[in-house]
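Reader: I am new to this structure and would like to learn how to read it feature by feature. Could you show me the model, and then take my questions in turn?

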Amino acid sequence: MTHIQEALKLYGQKEIIGEKDNPEIIRLFDELGFNGNQLKDETSWCAAFANCILKRAGKPYLRKLNARSLLQIGNEVECPQLGDIVIFWRESRKSWMGHVGFYISEDENYINVLGGNQSNKVCISPYFKGRVLGYRRV
C-alpha cells in the first residue's frame with residue numbers, strides 16, 4: 001500500500017475543540033514514540049501525520065515533530081510527483097516553523113497538498129508555491 005493510500009484512510013479526521021482529543025490524532029504521536037496522553041490534538045501535528053503515514057507504509061520516516069526536519073529525509077527532487085513530501089516555511093523563510101504534507105498536484109501559483117493539521121484536519125489544501133522550502137522523495 002502506498003503512503004498516499006495510507007494518508008487517505010485518515011482523510012477528514014479533525015481536531016476536537018475543547019477538553020477531548022481525537023484519538024486518531026493522538027495515536028499518531030504514540031506511534032512515533034511520543035506520549036500522546038501528554039499532548040493535545042491542538043499540538044502542531046503535520047509532521048506527526050507525515051512521519052506516521054510514512055512509517056505505516058513501510059517507508060523511511062523520522063521520529064520528529066518539526067515539519068522542517070523532513071528536509072533531511074529521502075532525496076531532494078526539483079520536479080515533484082504524486083506523493084512526494086513538500087516542506088513549506090511558515091512566518092518567515094528563516095523561522096524554525098513550517099508545514100509538511102504530500103504533493104498531489106499544482107497549478108500556476110499553488111501546490112495541492114494532502115496533509116494533517118490543514119485547517120485542523122486531514123485534507124487536501126492549496127499552498128502558495130513561494131513558500132516551498134523543498135521537495136523530497138522516499
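Reader: Before we go on, what should I know about the origin of the model and its numbering?

Author: This is a predicted model, in which local features need pLDDT of at least 70 and side-chain atom pairs count only at pLDDT 80 or more, while totals for chains, interfaces and linings use all residues. Residues are numbered from 1 along each chain as its sequence is written, and side-chain values use heavy atoms, with hydrogens and water left out.

Reader: With which residue does glutamate 24 form a salt bridge?

Author: In general, side chains of opposite charge can pair when their charged atoms come close. The rule used here asks for a side-chain nitrogen of Lys or Arg within 4 Å of a carboxyl oxygen of Asp or Glu. Glutamate 24 meets this rule with arginine 27, where the closest N and O atoms are 2.6 Å apart. Arginine 27 is itself partly exposed, at a relative accessible area of 36%.

Reader: Where do glutamate 24 and arginine 27 lie, and how many residues apart are they?

Author: An α-helix has 3.6 residues a turn, so residues three or four places apart point the same way. Glutamate 24 and arginine 27 are both in helix H2, three residues apart, which is about one turn of the helix. The helices here are DSSP runs of H or I with at least four residues, the strands are runs of E with at least two, and both are numbered from the N terminus.

Reader: How many salt bridges are there by this rule?

Author: The count comes to five salt bridges. One of them joins glutamate 6 to lysine 9, with the closest N and O atoms 3.3 Å apart; glutamate 6 is buried at a relative accessible area of 10%, whereas lysine 9 is exposed at 54%. Another is formed by the side chains of arginine 137 and aspartate 84, at 2.8 Å from N to O. This pair links distant parts of the chain, since arginine 137 is in strand S6 (residues 132-137) and aspartate 84 is in the loop between strand S1 (75-77) and S2, 53 residues apart. Arginine 137 is partly exposed, at 27% relative accessibility, while aspartate 84 is buried, with a relative accessible area of 4%.

Reader: Stepping back to the whole chain, how many helices and strands are there, and in what order do they run?

Author: The protein chain holds three helices and six strands, and from the N terminus on the order is α-α-α-β-β-β-β-β-β.

Reader: How does the radius of gyration of the chain agree with that of a compact globule?

Author: The radius of gyration is taken over C-alpha atoms, and the globule rule is 2.2 Å times the number of residues to the power 0.38. For 138 residues a compact globule would have a value near 14 Å, and the protein chain, at 14 Å, agrees with that. The C-alpha trace spans about 40 × 30 × 25 Å along its principal axes, and 43% of the 138 residues count as buried.

Reader: How many residues of helix H3 are buried?

Author: Helix H3 (residues 46-56) is mostly covered, with nine of its eleven residues buried; among them are Cys46, Phe49 and Leu54. Contact means heavy atoms within 4.5 Å, and the partners against which the buried residues of H3 pack include helix H1 (3-8), helix H2 (23-31) and strand S2 (85-89). After H3 comes glycine 58, with a positive phi near 75°.

Reader: Which residues have a positive phi although they are not glycine?

Author: Glutamate 91 is one of these, with a positive phi of about 70°; it is placed in the loop between S2 and S3 and is exposed, at 61% relative accessibility. Asparagine 117 has a positive phi of about 60° and is not a glycine either, but this residue lies in strand S4.

Key: Buried means under 20% relative accessible area, exposed over 50%, partly exposed in between (1.4 Å probe, protein chains only).
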